[in-house]
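Hello,

Here is the structure I promised to hand over. Have a look through it first, and then read on for what I found.

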Amino acid sequence: MAELVDIAERVLGLARDNEQVEIYAVHDRETEVRAYGGEVESFSSAESQGVGVRVVVGGRQGFAWAGTLDADVLAETMADARDNAQFGTVDEHAGIAEPDGVEPALLELFDAALLDFATDKKIDLAIELERLTLAADSRIIGIESAEYVDTVHEYAIVSTAGIRRTGRETGCFVSVYTLAEENGETQNGFGWSVGRAPAELDIERCARESAERATRLLGAKKPSTERLTVVLTPWVTAQFLGILGSTLSGESVLKGRSLFADRLGDLVAPEFFTLVDDPTWRDSYTATTVDGEGLATRRNVLIGDGRIERFLHNAYTARRTGTRSTGSAVRGGFKSTPGVGPMSLQLVPGTATQPELVAGIDHGLLVQDVSGLHSGVNPVSGDFSTGAEGLMIRGGALAEPVRELTIASTIQKMLLDVVAIGGDVEWLPMSAAGVSMVVADITMSGA
Amino acid sequence: MTTGDRSSHGATLLDESVIRSTLDAALRRGGSFAEIFVEDRRSSSAYLDDGKVEELTSGHDRGAGVRVVVGETTGFAHTADLSPEGLSAAADAAAAAARGGGGGVRAVALTRRPTHNASTVRIFPSEVAKARKVELLQRADHAARASGPAIRQVAANYGDSRRRILVANSDGLLAEDQVVRTMFSVSVVASGDTGMQTGRESAGHTVGFELFDTYQVEQLATHAAERALTKLRARPAPSGSMPVVVGPGGGGVLFHEACGHGLEADLIAKSASVFAGRRGEMVASPLVTLIDDGTMAGEWGCFGIDDEGHPAARNVLIQDGVLTDYMWDHLRARKEGRPTSSNGRRQSYQHLPMVRMSNTVIANGAEDPADIIASTSWGVYVAQLGGGQVNTATGDFVFGMLEAYLIEDGKITEPLREGNLIGNGPQVLGDIDALGNDFAMGHPGTCGKDGQGVPVGDGTPTLRVTAMTIGGTAA
């Protein structure tokens, strides 16, 4: 790891006196094993490295990246970023992050056990996952994919402002897409399990749940159109939180793209609704101690007791807003400049289990999965419409399966219509934790 | 300026001797097939938001992926180190998957295929001054803001890339290709009494900077602004099942999701598609002829060779409603003992290829589009679709409507707010009861599958589906 930071420092050494320069260097290793038919379908071993160089000079910003750490290419990348900076618009707030005195959380996100985990064992895990899934139910006819994936992520961020941060994180997950068939009809279900090291993976649960999700949809019909109360499963709630989180970024607010822009302090949800972005939570798959600009990540309450408490900021949006960075600079790898966004969202959980939530609903819908969140939800207008499948709720119990339907409302209205939050927190391979959530007055559109 | 001339832009990506030694290393521990894929991709982009040119970005990616097939197993590794040592290490890693495959040495004789660039590039974007790219952004910003005081925010994005690839494999294939892409997009926010609405417009082709001889950025910006302004007076979309008319160029996403993915041979082989085992059967209305065509010069999903080295092809998938063939990559085709359909694609050298679409189009019909609308008494007209998603195992698919209107008594009337539509692929294909004669290509798209994104195009004439479910909130 010393090597990565040394490389970054060497590039930083090319900075000129009048320039602010930030170097973000990354070294990633990934293994992916896919099983099919009791054999290894594919085994991919990937190693990638690269650097992103940001130069700010005279209030103008330029950026360049390269997918290598070769010395000659790095010099060229620096020159490209410098050249690009000439063409930006002068912005008095432009600039890299200044150290703010906040120390990163003491959190071990690297587990050496992952490095010691032999290739053969990874293969065995993937094959065993497929075997367990096929054995889970007689109606399981096959899988679309069963995979084991692990990653080792190392990074270094150094800058002329005195930022010097390095870190390394491990992560792994298993996932399976299962196919169930009955009476010539096919349904599928997804299962997963995440961890920092393979010992944390629960392949039995992954297999069992994917089989359950697939089989319980068998015989699903298109329902009739009506308004009702829905229970979002943890998997669906997490995706909803991801969209909600994007509306609370300081960048969206500054640029007039947030539907909550003028609503700081307003009640937007029931008082039991508290939404936190906390990348320092170890259990989160996307936990990290340092943000995309090298500042310490921290726990930020976005919606507290139903009121909007805070928007997320990186150094730039904070400067423009006249506040401090919340340590929320996010980067999509070394190929882009830092944006602003949540890294690890979670709702403060209630206590009810999902069956208890269902038991309190006379007529409703359990939403097992949604599709088309990217095409039917507009986080600027708040319009919310997605494809969905799940089970009807009748008299407090799960009833017949339904599919080929949509659920629709608006983000603003859904927040106000939240009836209950469950206690079944679940960490998923995404930047939000899942929990069951009950929302009233949703339009279910079908036949 | 050159015309699609490879030689003017440097020599081959990798020497033949290095290719040969890498393939040898890959097969050292056995295996029936080895391949090396080399990629060199340079890109530049410029982004304007909130009235400011926020940044220009330059990027350079270069590396190679090596795959080895042993029995049913594929081993894959990639490296950014194109030295003989770096490639040999990647070949070793890929071959490591060949457990117990038995060793062997095979001499590979390579036959270099003639290079045929799919599209003609007149002005290489790398030779255009950055200031000119920035100027496009500012022109778009001004034009969008000039569309009315309700326009509150404008973002404009310029991007270009030049991707060179070389593919060689143990069957003796050696081929190279270069694809240049240039794109521009504008996103607008308008604000009114009913809140905020957004509008977007984009253009992208496998051409160079001459893209802007065809497209005026002011026009793209004005279109985006109009979309946002129109939606300020939009009413909530209806809910329930009703007829849907999709405008020209708009329906491509529908077919991409309704049946495109379901015709990919990798999903077929795993019975994860409702179209498995249905070749020769009527799977759509007789009006429907569906073609996947990687050869359409200038279109977003066009290429000279696919990412397995095979020349782009035009494949008829559905002819007059009858399923004629699936789409194939090398691996699936080899198992079936048939040629590939040149649909083996990958996001980059860091990815394994798989079956992917290129430009997916519906052949022109015969009806006047005006008649199709006039003969619809009640329903929804979708002028621009957003993205979509499909569950190939069940056939259920959704797509978003970015610009849509009510149809009342045969006339397009009020604008509708955004939402998804949902349908079932085989059902919807059968329910197409009208096809216009106004074929047009849609917008440049990125298709995602198993975490890999590749550029795709689509196109359709105006068409009508007798019933789809609209995911609105109104009764």
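**What I found**

Strand β3(A) pairs with strand β2 (residues 52–70) of chain B, running parallel to it over five bridges. One pair to look up is Phe63(A), whose bridge partner in β2(B) is Thr57(B). Please keep in mind throughout that this is a predicted model.

The contact takes 64 residues from chain A and 65 residues from chain B. On the chain A side, β2(A) provides the largest share, with eleven residues. Sorted by class, the side of chain A that touches chain B has 36 polar, 16 nonpolar and twelve charged residues.

**Chain A**

The secondary structure here comes to eleven helices and 20 strands in chain A. Along the principal axes, the C-alpha atoms of chain A fill a box of roughly 70 × 55 × 35 Å. The radius of gyration of chain A is 24 Å, which agrees with the value near 22 Å that a compact globule of 447 residues would have. Of the 447 residues in chain A, 57% are buried. Counting contacts in chain A between residues at least 6 apart in sequence, 71% join residues at least 24 apart.

Chain A is divided into domain 1 (2–214) and domain 2 (220–447). Their C-alpha centres in chain A lie 23 Å apart. Across the boundary, 32 residues of domain 1 of chain A are in contact with 29 residues of domain 2 of chain A. The elements of chain A that give two or more residues to the domain 1 side of this contact are β1 (20–36), β2 (39–57), β3 (60–66), β4 (140–159), β5 (164–182) and β6 (185–195). Which of them gives the most to that side? The answer is β5(A), with five residues. By class, the side of domain 1 of chain A that touches domain 2 of chain A has 18 nonpolar, eight polar and six charged residues.

One backbone detail in chain A deserves a look. Asp305(A) has a positive phi of about 50 degrees although it is not a glycine. You will find Asp305(A) in the loop between β9 (300–304) and β10 (307–308) of chain A. Asp305(A) has 14 other C-beta atoms within 10 Å and is therefore partly exposed.

**Chain B**

Chain B is divided into domain 1 (7–232) and domain 2 (239–471). Taken over C-alpha atoms, the centres of these two domains of chain B are separated by 23 Å. The contact between them takes 35 residues from domain 1 of chain B and 26 residues from domain 2 of chain B. On the domain 1 side, β1, β2, β3 (73–79), β5, β6, β7 (195–205) and α5 of chain B each supply at least two residues. By class, that side of domain 1 of chain B has 13 nonpolar, 14 polar and eight charged residues.

Next, a helix in chain B. The 16 residues of helix α3 (residues 130–145) of chain B should span 22 Å at 1.5 Å a residue, and the end C-alpha atoms of α3(B) are 23 Å apart, which agrees. Its buried residues in α3(B) are Lys133(B), Leu136(B), Leu137(B), Ala140(B), Asp141(B), Ala143(B) and Ala144(B). An α-helix has 3.6 residues a turn, so residues three or four places apart point the same way. The buried residues of α3(B) pack against β1 (33–49), β2, β5 (151–169), β6 (173–192), α4 (211–214) and α5 (217–232) of chain B.

Is strand β15 (residues 378–390) of chain B enclosed or open? Eleven of the 13 residues of β15(B) are buried, so this strand is largely enclosed by the rest of the structure. Strand β8 (residues 239–246) of chain B runs parallel to β15(B), joined by three bridges, and Val244(B) stands opposite Val380(B) in β15(B). With strand β16 (residues 396–408) of chain B, β15(B) pairs in the antiparallel sense over ten bridges. Here Val382(B) has Ala404(B) in β16(B) as its bridge partner. The hairpin of β15(B) and β16(B) has five residues between the strands, and Gly395(B) takes a positive phi near 85 degrees there.

Finally, Asp450(B) is a residue other than glycine with a positive phi, near 50 degrees. Asp450(B) is found in the loop between β21 (445–449) and β22 (452–460) of chain B. Asp450(B) counts as partly exposed because it has 13 C-beta neighbours inside 10 Å.

Technical notes: Residues are numbered from 1 along each chain as its sequence is written. Chains are lettered from A and ligands numbered from 1 in the order in which they are written. This is a predicted model: local features need pLDDT of at least 70, side-chain atom pairs count only at pLDDT 80 or more; totals for chains, interfaces and linings use all residues. Helices (H or I, at least four residues) and strands (E, at least two) are DSSP runs, numbered from the N terminus. A residue is buried if 20 or more other C-beta atoms lie within 10 Å of its own, exposed if 12 or fewer, and partly exposed in between; C-beta atoms are placed from the backbone. Two strands pair if DSSP finds at least two bridges between them. Domain bounds come from an automatic or database domain assignment. Two residues are in contact if their C-beta atoms, placed from the backbone, lie within 7 Å. Ala, Val, Leu, Ile, Met, Phe, Trp, Tyr, Cys and Pro count as nonpolar, Asp, Glu, Lys and Arg as charged, and the others, Gly among them, as polar. The expected span of a helix is 1.5 Å times one less than its number of residues. The radius of gyration is taken over C-alpha atoms; the globule rule is 2.2 Å times the number of residues to the power 0.38.
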